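My plan is to look up a few single residues and then step back to the whole chain.

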Amino acid sequence: MPPMPVPDPVPFRLVPALGLFALGWFALAAPWLLGTVTIPWDAKAHWYPHLVFAARALHAAASPTWTPNIFAGSPEIADPQSVLFSAPLLALAALMPKPGLTAMDWAVFVMLFAGGTGVILMFRDRGWHWGGSVVAALAFAFGAAAAWRIQHLSQVFSLCWWPIAWWLLARALARRSFLWGIAAGLAAALMVLGRDQVAMLCAYLLAATVVVRWAAAERPLAEVRATLAPLVAAAAAGALVVALPVLMSALWGAESNRVVIDEIGAGRGSLHPAHLLTWVVGNLYGAAGPLAEHWGPPSPTWGETGLFLARNMGNLYAGALPLLLVLGLVRTGAVLDREIRFVTIALAVMLLYALGWYTPAFRLFWHLPGVDLFRRPADAAFVVGALFAILAGYGAHRLLTASLPTGWRVEALVAAALVTAASALVVAKGAPQAAWTNLAVAVGSIAAALLVLGPGRRLPGHALAVVLAAVLAADLRVTNGPSESTALPLASYAVLEPGSQDPALALIRSLTVRDPTRRDRIELIGLGYEWQNAAMSHDLEDVLGFNPVRSAAYANLVGAEDIAALPGQRRFPPAFPSYRGELADILGLRYVVSRVPPNEVDRRLAPDALPLVGEAGGIRIYENTRALPRVWVAPTAMATPPDLATAGFPSGLDPRQTVLVEGQVPSPRQPGGTARILTYRNTDVVVETTTADGGVLVLADAWHPWWSARIDGREVPILRAFGLVRAVEVPAGTSTVTFTFEPLTGLARQVSERFRRP
């Protein structure tokens with residue numbers, strides 16, 4: 001933004017602003033904070049088990065950098081979907097050995113409070129009225145995507161760090177301060193650690209504020225020189241924090257299932273222009289639920305759009321009051337005031353980005369660095385909502401300082417026209433009856449806001465500020481409050497809590513064996529959305545899991561998809577054609593846990609192929625008696641066929657006798673040899689082997705280049721066996737083989753190898 005303006009004659013009252021925001025924050029967040037409901041969907045089915053895993057590891061003095069609990073092992077430290085680089089969740093894991101569902105919700109809403117506080121501090125430094133800052137903070141924290149997509153925790157956190165980083169950056173530039181620059185760089189780094197599209201867009205906005213400040217200065221070159229020191233400090237501090245995590249994620253992404261995203265593929269995640277009406281009618285398309293009432297784009301009621309968006313991704317509602325305030329700024333031309341012009345232009349640009357393939361602008365955006373890494377331009381709705389909130393807060397500032405010359409008639413007519421357009425759409429699309437109720441709620445909210453903006457202007461400034469905040473909070477509670485999209489009963493995810501007494505979990509624990517040779521793996525399939533990462537919460541070991549980022553080799557060979565909530569979501573590729581195939585045995589898949597018989601999941605399976613060994617709470621457990629132990633020694637090896645993923649395993653292969661390996665094939669040895677596990681931890685596995693003539697030790701855990709192996713202290717190469725697990729060649733006699741996950745050493749080795757390639 002341009003240099004900070006001279007403060008308004010009305011003094012900024014920070015304590016009342018923070019106090020009023022805190023009251024509104026608690027009133028709006030109370031259903032979650034008091035444990036009445038919990039943030040659902042990805043927040044709990046995905047993020048919460050990662051949190052529980054990290055807490056368990058930290059409080060057991062174990063490393064959380066690798067998890068053995070999903071996908072036969074996965075690098076948490078490289079996974080942008082883990083909690084290791086999410087400051088609020090990592091802090092919660094460090095503080096609580098068994099964080100509950102509500103504790104996690106507290107962390108989310110505390111971050112929203114921190115983001116709103118950053119907005120308030122920005123208003124103070126710009127000399128804008130404290131009442132306007134409260135309006136902006138409430139709309140920021142409880143409006144648009146921040147409310148409707150609160151389950152996307154990474155993006156919520158990235159958004160919340162942005163106003164803090166912006167405030168610190170503005171101070172660093174205005175004061176030419178090295179220390180403020182370091183603080184700004186650290187805040188921006190915590191934002192970027194989200195490694196999501198919101199973080200990328202906010203990083204572009206931070207860079208744009210610097211460029212605009214330089215361009216607006218009377219002597220641009222002098223301004224560049226004067227601000228160089230704090231900017232260098234910010235860049236250095238930020239780079240120290242983000243360099244390794246971002247590099248790790250980039251390398252993991254190159255080995256993962258993430259496909260190259262083209263412009264059309266990204267465009268399928270565009271915000272539909274009809275979603276803009278949700279600025280006026282918050283729940284117009286029935287995003288709050290139930291699902292049968294959703295009729296907006298995309299949905300069967302709406303018709304074909306080519307879009308792939310969840311029902312809550314297009315909601316922009318931030319309250320009727322902010323909408324009218326922004327309309328007032330537009331009508332009076334104040335929206336282009338020098339002190340707010342940057343926000344207005346940024347809002348327009350971000351809206352164009354969010355609309356994706358519906359405007360020609362996206363073709364230009366597509367050439368910006370980083371854009372082609374993400375599949376859903378509608379994620380910009382987070383940033384659109386934040387900028388809209390700031391713009392509305394500025395409108396409240398102009399209102400409270402009697403510098404917004406409007407009688408609100410035109411704004412009321414525009415709002416009425418928009419409601420009429422929404423009503424016509426309801427009729428044209430044959431929307432459910434609930435749409436009319438939502439329209440009526442919108443009309444009531446607009447009427448209440450107009451009463452405040454009209455007659456309410458006669459109130460003293462401080463009283464009007466309180467009324468604005470109260471009316472906005474009530475409006476947001478009614479329209480953006482708990483719904484099927486944002487809040488479900490805690491019982492919906494109780495199975496994920498560490499102390500869960502679920503009978504099926506108790507039965508699984510009683511059946512699974514962990515001894516010197518066996519570590520039974522399970523497959524949780526078709527149990528429902530909440531069960532997919534339950535293995536992480538309860539220290540079980542699953543061949544599947546719930547994570548959009550996973551090893552490409554593992555996904556191709558095992559058939560591990562993003563989601564395994566329904567029986568039909570289990571894919572059986574050629575290398576894993578059935579639960580009675582070689583790969584199921586190699587992975588030690590001992591139990592298939594499902595609500596239906598396994599032959600309804602695996603159509604190739606005979607009805608009695610896997611015996612039923614237990615049932616509890618409607619969940620059945622079937623045993624694969626052929627499952628191999630976690631470690632064994634095979635006498636011979638052969639090269640892995642290049643078509644393993646497409647043709648499957650060679651006919652007649654006995655994994656206990658012959659190991660498929662990549663690279664140099666070990667020489668055959670005489671049969672005979674044993675292996676037993678001495679120590680098994682997340683990042684350290686110690687195995688003792690005894691052979692007469694040596695052989696190939698197989699540790700049926702996922703291969704990754706950052707694992708190292710040592711035999712009696714001497715480093716040896718780890719072979720990728722059967723396309724996805726670890727193996728080492730062991731000598732005759734008794735040896736101790738130590739497998740260690742060394743992410744920093746492994747990263748350095750991997751980077752140097754890439755540089756050495758021609």
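Is valine 471 buried, partly exposed or exposed? I looked up its relative accessible area, which is 22%, so valine 471 is partly exposed. Buried would have needed a value under 20%. A reminder to myself: this is a predicted model.

**Entry: around valine 471.** I placed valine 471 in helix H18, which covers residues 461-479.

**Entry: glutamate 742.** I found glutamate 742 in the loop between strand E15 (733-741) and helix H25 (743-756). Is glutamate 742 buried or exposed? Its relative accessibility is 19%, so glutamate 742 counts as buried. I also listed what touches glutamate 742, leaving aside neighbours within four places in sequence: Trp706, Ser708, Arg710 and Leu747.

**Entry: phenylalanine 739 and the core.** Next I went to the largest nonpolar core, which has 254 residues. Which residues have the most contacts inside this core? They are Phe722 and Phe739. Helix H15 (residues 381-400) gives the most to this core, with 15 residues. I keep a general thought beside this: in soluble globular proteins, nonpolar side chains tend to be buried together.

**Entry: the whole chain.** I counted up the secondary structure and got 25 helices and 15 strands. The radius of gyration is 29 Å, close to the 27 Å that the globule rule gives for 758 residues, so the protein is as compact as a globular protein of that length. Along the principal axes, the C-alpha trace spans about 95 × 60 × 45 Å.

How much of the protein counts as buried? The share is 60% of the 758 residues. For contacts with a separation of 6 or more, I noted that 76% come from residues 24 or more positions apart.

**Entry: surface and charge.** The accessible surface comes to about 27,800 Å², and carbon and sulfur atoms hold 63% of it. I finished with the charges: there are 57 positive and 51 negative side chains, and the centres of the two sets lie 8 Å apart.

Conventions: Residues numbered from 1 in each chain as written. Predicted model: local features only at pLDDT ≥ 70, side-chain atom pairs only at ≥ 80, totals over all residues. Heavy atoms only, no water. Helix = DSSP H or I, 4+ residues; strand = E, 2+ residues; numbered from the N terminus. Rg over C-alpha atoms; globule rule 2.2 N^0.38 Å. Buried < 20%, exposed > 50% of the residue type's maximum accessible area, 1.4 Å probe, protein only. Contact = heavy atoms within 4.5 Å. Areas by Shrake-Rupley, 256 points an atom, 1.4 Å probe, with all protein chains shown as cover. Lys, Arg positive; Asp, Glu negative; His and termini not counted. Charge placed at Lys NZ, Arg CZ, Asp CG, Glu CD. Core = buried A, V, L, I, M, F, W, Y, C linked by side-chain atoms within 4.5 Å.
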